[in-house]
Amino acid sequence: MATLPTLDEKVRLALDCFKAYSVRPGGALQQGVFVAWSVKKNVPHREVLEGIQEGATRGFFDQKTPNGGVFLTADGFAAM
């Protein structure tokens, strides 16, 4: 029986996406990058978005840029 990922696992997915694109603190990724990365990794995009939302509450991400991107904070970079 399959289990649903925890919030910590979803945050890790979001952090892994930033890591895959070598994003540094203060850098941002656009929504389309998250979608493409989700498809490549065969994970539901919704789980990555939930990870971004939870990660923002932990101070890892600043949401959002005016054009739909998400910034990585220094705390998020340290958590990678």
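Here are some questions and answers about it.

Modeller: A word on the basis: this is a predicted model, where local features need pLDDT of at least 70, side-chain atom pairs count only at pLDDT 80 or more, and totals for chains, interfaces and linings use all residues. Residues are numbered from 1 along each chain as its sequence is written, and side-chain values use heavy atoms, with hydrogens and water left out.

Colleague: Which element of the protein chain has the lowest mean pLDDT?

Modeller: pLDDT is the predictor's confidence in each residue, from 0 to 100. The protein chain averages 93, and 99% of the residues score at least 70. Among the elements, helix H4 (residues 74-79) has the highest mean at 97, while the lowest, 87, belongs to strand S2 (residues 61-63).

Colleague: How are H1 and H2 placed, roughly parallel or roughly perpendicular?

Modeller: Helices here are DSSP runs of H or I with at least four residues, strands are E runs of at least two, and both are numbered from the N terminus. The axes, lines fitted to C-alpha atoms over the stretch in contact, have angles from 0 to 180 degrees between N-to-C directions. For H1 (residues 7-20) and H2 (residues 31-41), the axes come within 11 Å and cross at roughly 105 degrees. Angles of 65 to 115 count as roughly perpendicular, so H1 and H2 are roughly perpendicular.

Colleague: Which residues of H2 make the contact with H1?

Modeller: Contact means heavy atoms within 4.5 Å. From H1 come Leu13, Asp16, Cys17, Phe18 and Ala20, and from H2 the residues are Val33, Phe34 and Trp37.

Colleague: Where do the buried residues of H2 lie?

Modeller: Buried means under 20% relative accessible area and exposed over 50%, with partly exposed in between (1.4 Å probe, protein chains only). In H2, Phe34, Trp37 and Ser38 are buried. Seen down the helix axis, they fall within an arc of 105 degrees, taken from the directions from the axis to the C-beta atoms. They therefore line one face of the helix.

Colleague: Which exposed residues does the face of H2 turned away from its buried side carry?

Modeller: The buried side has cover that includes H1, strand S1 (28-29), helix H3 (45-57) and strand S3 (70-72). The face turned away from that side carries exposed Gly32, Val39 and Lys40.

Colleague: Is Lys10 buried or exposed?

Modeller: Lys10 is found in helix H1. Not counting residues up to four places away in sequence, Lys10 touches Pro5, Glu47, Glu50 and Gly51. With a relative accessible area of 13%, Lys10 is buried.

Notes: Angles under 35 degrees count as roughly parallel, over 145 as roughly antiparallel, 65 to 115 as roughly perpendicular and the rest as oblique.
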